[in-house]
Amino acid sequence: MEAVKVVIIGSGPAGYTAAIYSSRAQLKPVLFAGPKAGGQLMLTAEIENFPGFKEGINGPDLMIQMMEQAQRFGTVLKDDFVTAVDFSVRPFKIWTTVPEGVIPEDLLIQSPPEKYTEVRQQIIQTEPTMTAESVLIATGATALMLKVPGEEKLIGKGVSTCAVCDAAFYKDKVTYVIGGGDSAMEDSLALTKFAKSVTIVHRRDAFKASKIMQERVLSNPKVNVLWNSAVDAILGDTKVTGIKVTTNGTTQELPAEGIFVAIGHKPVTQLFANQIQLDDHGYIVTRQSLSKLGVEAAQAALTPDGKLEYPTMTSVQGVFAAGDNVDIRYRQAITAAGQGCAAALDVERWLEMKT
Ligand code: NDP
């Protein structure tokens, strides 16, 4: 069984940035990328707000550059899914074992927690794949999708899950935002700066978003709302051309050029339940989490002279987290990359100091 100093789980901007820093610090990190390396940006056509690329860069190209940069300094890349971890004792144990008939992606992202717990029992009976002195979790989050016809096919071709990233591509276009939470409000406001019109499709007769965000959105003349409405399909062949919506039993097909799905995100953290502290929504709690739990963790970790040590550390000493699996607020490639850098520096320092 291989024993290493640092294992990084996840291959989005947080994971690769952490790998660049850890490998330059000669920690020889092993990064488990999963078979579909690259994370959410692999679904993004063009990125114009990642510093350093003044003409923009497409998502997959950016991720390949990050991956190769990490490899250049000695990161060992594995295309396996991590299927179980044991953080109860150090060195930590990591498994990539896949029981027969199990599809890891379905197990770790889609399945109910009870199903995973059952399969985990089988996995941990087998020999661990690797042990690690420290683990950096950068498994990210997945945007929840409507799962209606046309949606999957048109992702990146008019269907987006991030208006902050993509709104500028919808200048003078007819756009729709689906959802009634703060993300939907934020996406709608971002779109009003560019789009010809923004129609919010919401399944209830009231938003759940904060009052202040609702007021901003509803007072904007570019915004309309279809209340009590469900999306039946997204129309178009090679790009979005319309949306099929049912409102109070009446179905209509409306022309559309951009559809922004803003119905929430799910952090990819099932693997770590019962191993480290997660919040009610499954986000990993670190000492810099933007929540009460994060504040409590930070307070408990203050040194006698009032400094916060290892802000990216989770509830388990030696396990760190960065990126969208921690971040309930910003969820940008550049913020994830920044957090990956911070976590790698924390790992390096923790390994130097630990007894
Ligand atoms: P939320 O879970 O708050 O809202 C999701 C919305 O999508 C709800 O209105 C929900 O409907 C709707 N929805 C869920 N599933 C479906 C579906 N299958 N079909 C149609 N509609 C659906 O997620 P958000 O991403 O908006 O926010 C998550 C957290 O992040 C919140 O705590 C929020 O406050 C925070 N946030 C904060 C921001 C800020 O402070 N700037 C910006 C963005 C988010 P229903 O109302 O019926 O449940």
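This is a predicted model: local features need pLDDT of at least 70, side-chain atom pairs count only at pLDDT 80 or more; totals for chains, interfaces and linings use all residues.

Leu 290 belongs to the loop that runs between β16 (265–267) and α8 (292–300). Together with Ile 328 and Tyr 330, Leu 290 makes a nonpolar surface patch of about 280 Å².

In soluble globular proteins, nonpolar side chains tend to be buried together. The largest nonpolar core here has 33 residues, of which Ile 8, Phe 50, Leu 62, Leu 136 and Phe 320 touch the most other members. Two or more residues of this core are given by each of β1 (2–9), α1 (13–24), α2 (59–72) and α9 (333–353), and the largest share, 8 residues, comes from α9.

Leaving aside residues up to four places away in sequence, Leu 62 touches Leu 41, Ile 47, Phe 50, Phe 53 and Ile 57. Another core, of 32 residues, lies apart from the largest one, and its members include Val 102, Ala 132, Val 316 and Val 326.

Thr 175 is part of strand β9, which spans residues 174–178. Because its relative accessibility is 0%, Thr 175 counts as buried, the cut-off being under 20% relative accessible area.

The side chain of Thr 175 reaches the backbone oxygen of Ser 197 at 2.7 Å. Ser 197 is also among the residues that Thr 175 touches when those up to four places away in sequence are not counted, the others being Tyr 170, Leu 191, Ala 195, Val 198, Thr 199, Gly 258 and Phe 260.

Key:
Residues are numbered from 1 along each chain as its sequence is written. Side-chain values use heavy atoms; hydrogens and water are left out. Helices (H or I, at least four residues) and strands (E, at least two) are DSSP runs, numbered from the N terminus. Buried means under 20% relative accessible area, exposed over 50%, partly exposed in between (1.4 Å probe, protein chains only). A polar contact is a pair of N or O atoms within 3.5 Å; within protein, one must be able to donate a hydrogen and the other to accept it, and residues adjacent in sequence count only if both atoms are side-chain atoms. Contact means heavy atoms within 4.5 Å. A nonpolar core is a set of buried Ala, Val, Leu, Ile, Met, Phe, Trp, Tyr and Cys residues joined through side-chain atoms within 4.5 Å. Patches are made of residues with over 30% relative accessible area and no salt bridge: like charges are joined within 9 Å, nonpolar side chains (Val, Leu, Ile, Met, Phe, Trp, Tyr) within 5 Å. Accessible areas come from the Shrake-Rupley method with a 1.4 Å probe; for residues, only the protein chains shown count as cover. A salt bridge is a side-chain nitrogen of Lys or Arg within 4 Å of a carboxyl oxygen of Asp or Glu.
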